[in-house]
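User: I have a model open and want to learn how to read it. Can we go through it feature by feature?

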Amino acid sequence: MSKETAKVFTTFSGLFLWSATTILSKINSPSDLKKVSEKDLPNLCDEIRKRIIETVAKNGGHLASNLGVVELTVALHRVFESPEDAIIFDVSHQCYTHKLLTGRYKDFTSLRKHSGLSGFTRRSESQHDYFDNGHSSTSISQGLGLLTAWDKIEAEQRALGRNPKSRKVVVVIGDGALTGGLAYEALAHAGQLSKNLIIVLNDNQMSISPNNGAISRYLSSLTMTGFYQRFRYFVDGIVDKIPNSENHIAKLIYRFKRAVKGFFLNTNFFADLGFEYVGPLDGHNIKELEDNLRRVRRLPKPVIVHILTKKGKGYSPAENDPASFHGVGPFQISDGKMEKFDTLSFTEAFNNTLMALAENNNKIMAITAAMSKGTGLDTFARHYPERFFDVGIAEEHAVTFAGGLAAGGMIPVVAIYSTFIQRAVDQIIHDVALSNYHVVFMFDRAGAVPQDGETHQGIFDIALLRPVPNMTILSPATALDLSLCLMWAVNAKRPVAIRYPKLSCPSELPSFEGAMVEGRGVLLKNAEFAPNLSLEFEDSEKHAKKMLLVCTGGIFDETLVTARNLLQKGVYTDIYSLRFIKPFDENYFLSLAKNYDEVALIEDGVKTGGVGEYIENLLFEHGFKNIKVFAFPERFFAQGTRAEVLSDAGLSSRKIVERICNR
Ligand SMILES: Cc1ncc(C[n+]2csc(CCOP(=O)(O)OP(=O)(O)O)c2C)c(N)n1
């Protein structure tokens with residue numbers, strides 16, 4: 001390793017990087033970890049960081065978040081007895097150390113690969129993973145439910161005269177995830193139930209981007225109370241040494257401690273909810289973490305352990321720019337350089353158009369739920385800070401807030417990933433569509449989503465929102481198409497959702513330049529998209545059948561490949577790209593469809609309730625016989641490249657052509 005490379009590792013000890021991993025490779029379970037001596041723990045943490053950096057540099061992943069929780073995860077697995085005790089990670093994008101310590105060291109190179117380890121906790125992978133997480137702010141509810149169930153079972157055992165082991169539940173939640181409303185519903189309930197739920201609040205002052213807002217300010221104010229915490233542990237240390245017979249002395253000291261606490265923490269939101277508040281602790285100090293976790297393990301009430309960590313810890317490119325290293329593709333370890341693509345993505349196409357529109361219309365406002373980088377709205381935020389809102393991981397609020405803005409005459413543009421909008425379906429129905437408010441929704445990452453797996457596929461939005469009255473749903477196929485859709489939506493005076501994939505935009509084709517006509521898509525004849533292949537059909541009728549491929553815009557690129565492959569096999573094929581998923585001009589479509597012998601519907605969404613199923617029924621009702629629907633079957637789809645996910649769903653060009661040709 002060169003000196004340059006060594007420089008980027010900020011915390012690794014001495015010459016360790018040149019030696020092979022030794023401690024980590026021998027840990028097959030948390031019980032092996034418990035045997036590691038205290039003095040070896042810093043080396044173990046170095047090994048873990050090295051393994052994470054090397055793997056993520058190749059496979060991509062959530063680097064900065066994982067580097068921040070190495071010591072915490074080691075401490076948790078040394079103090080608690082997973083899997084008898086449950087350690088639950090919110091979102092679980094920060095679970096890599098947990099995976100490495102729970103028997104998945106050898107498979108770790110397959111992280112986020114097709115058929116490999118997921119980048120999140122998955123029940124199918126390990127008994128140490130209690131939940132299939134990926135969406136934010138669920139962990140406190142999950143932990144509380146699990147603990148309530150275990151407590152009931154324990155009580156039943158005790159009633160039978162047995163002496164069951166008391167199982168513990170620890171939840172790890174970040175300050176970003178704590179901006180989600182679900183977390184507060186759970187906190188209120190946990191305070192009410194008053195069980196020993198242990199919540200570790202991992203405060204790195206970052207969501208994906210810096211965590212602004214009132215909650216973040218409040219957490220910072222809590223970090224001022226370090227003196228009280230030192231005092232508190234000093235007193236607890238004394239109380240621990242007092243024999244039981246002298247309990248009244250302990251009680252006196254406890255009262256004194258409460259009085260001092262009142263002085264330093266005259267309000268503490270968590271304490272007011274019924275939690276014991278412990279912290280702030282140094283989240284990179286294993287000894288301090290272990291000592292405190294051992295103490296809170298025994299408390300008869302819910303506890304918040306507030307720890308401070310550094311996102312990206314140990315790797316300077318990630319420490320210096322944690323937002324860019326939150327979720328990364330492959331990168332160069334020596335300097336953190338990431339691969340750059342010069343093709344235009346749908347996300348960029350959206351933002352270019354939005355910037356152009358916002359320049360001439362100051363009613364346009366942009367909203368994101370903690371995804372300003374992912375949705376590309378960071379550019380808008382820089383130019384129009386007064387018209388930009390990052391509401392935190394609060395999709396429900398984002399939508400209802402947008403309804404309020406629309407009621408006040410603004411034109412809110414809400415950019416949320418397709419998978420996360422699932423959270424806010426009721427807000428779309430009740431707070432926007434019912435009043436027919438003019439809100440523009442941009443559903444990024446619609447359809448097949450690479451590498452993140454089940455929790456992140458954007459395949460349910462069409463089925464969830466197509467039945468909603470007043471909703472318009474658009475699915476552009478190219479950058480120009482997306483621009484036209486957004487311009488149309490900004491003038492539409494009703495709720496409009498535009499869905500588009502995580503993908504580079506396909507090359508433009510002249511047919512997309514046509515003006516938008518409500519309810520209608522874009523017909524592309526094969527002479528346009530495959531001039532060389534279509535020649536053989538020009539003057540002859542030698543093709544047996546004429547095929548129309550009808551596709552959602554998000555899968556237009558693959559549909560083009562399919563059409564060309566069919567042409568090569570001698571099947572005359574044209575494409576109809578569904579610019580409008582809803583409303584749908586049925587008469588216009590039927591008048592087109594009657595020119596074809598066979599129609600295949602290709603949709604990058606779930607089949608049940610999808611637009612393909614709807615068009616299939618329409619065609620049947622009008623006497624069409626030869627119809628095939630290609631869409632995601634009712635299953636969850638694990639991680640893989642886009643092509644692998646589509647293939648798993650039977651949507652690869654090869655599989656579609658095969659099914660069509662073997663009719
Ligand atoms: C409902 C939902 N919205 C958005 C996201 C995308 N997301 C993943 S991690 C993350 C930030 C989490 O921040 P924090 O909890 O502080 O963890 P950190 O990465 O800082 O350790 C976000 C916004 C998500 N997973 N779920």
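Analyst: Start with burial, because a residue is judged by the C-beta atoms around its own: 20 or more others within 10 Å make it buried, 12 or fewer make it exposed, and anything in between is partly exposed. Keep in mind that this is a predicted model.

User: Is valine 657 buried, exposed or partly exposed?

Analyst: Count its neighbours. Valine 657 has 19 other C-beta atoms within 10 Å, so it is partly exposed. Valine 657 sits in helix H28, residues 653-661.

User: Which residues does valine 657 touch, leaving out those up to four places away in sequence?

Analyst: Its contacts are Thr562, Asn565, Leu566 and Lys569. Take asparagine 565: 92 residues of chain separate it from valine 657, yet the two C-alpha atoms are 7.2 Å apart.

User: What share of the protein's contacts between residues at least 6 apart join residues at least 24 apart?

Analyst: The share is 77%. For the overall inventory, the protein has 28 helices and 17 strands. Of its 663 residues, 49% count as buried.

User: Now strands. How many residues of strand S13 are buried?

Analyst: Six of the seven residues in S13 (residues 546-552) are buried, so the rest of the structure largely encloses this strand. Next, look for its partners. S13 runs parallel to strand S14 (residues 572-578), with seven bridges between them. One point to find on screen is valine 550, opposite tyrosine 576 in S14.

User: How does the chain get from S13 to S14?

Analyst: It passes through helix H24, residues 556-568, in a right-handed β-α-β crossover. To check the hand, point the strands away from you: in a right-handed crossover, the path from the first strand over the helix to the second runs clockwise.

User: Which other strand does S13 join?

Analyst: Strand S16, residues 598-606, is also parallel to S13, and five bridges link them. Methionine 547 has glutamate 598 in S16 as its bridge partner.

User: What do S10, H21 and S11 make?

Analyst: They form a right-handed β-α-β unit.

User: Where is lysine 493, and what is its phi?

Analyst: Lysine 493 is in the loop between helix H21 (479-490) and strand S11 (496-499). Its phi is positive, about 60 degrees, although lysine 493 is not a glycine. Lysine 493 has 12 other C-beta atoms within 10 Å, so it is exposed.

User: And the peptide bonds: which residues does a cis bond join?

Analyst: Another joins lysine 582 and proline 583, with omega about -5 degrees. Proline 280 is in strand S4. Proline 583 is in the loop between strand S15 (580-582) and helix H25 (586-593).

User: How covered is S4?

Analyst: S4 (residues 276-282) is mostly covered, with five of its seven residues buried. S4 pairs in the parallel sense with strand S5 (residues 303-308) over five bridges. Glutamate 276 has valine 303 in S5 as its bridge partner. The chain goes from S4 through helix H13 (residues 286-297) to S5, and this β-α-β crossover is right-handed.

User: Last, the ligand. Why does it lie between domain 1 and domain 2?

Analyst: Ask which domains supply the shell. Domain 1 (3-320) and domain 2 (346-499) both give residues to it, so the ligand lies between them. Of the 24 residues around the ligand, the nearest are Ser65, Ser136, Gly174, Gly176 and Ala177. By type, the shell holds eight nonpolar, 12 polar and four charged residues.

How values were computed:
Residues numbered from 1 in each chain as written. Predicted model: local features only at pLDDT ≥ 70, side-chain atom pairs only at ≥ 80, totals over all residues. Helix = DSSP H or I, 4+ residues; strand = E, 2+ residues; numbered from the N terminus. Pairing = 2+ DSSP bridges. Contact = placed C-beta atoms within 7 Å. Near = placed C-beta within 6 Å. Nonpolar A, V, L, I, M, F, W, Y, C, P; charged D, E, K, R; others polar. Domains from an automatic or database assignment.
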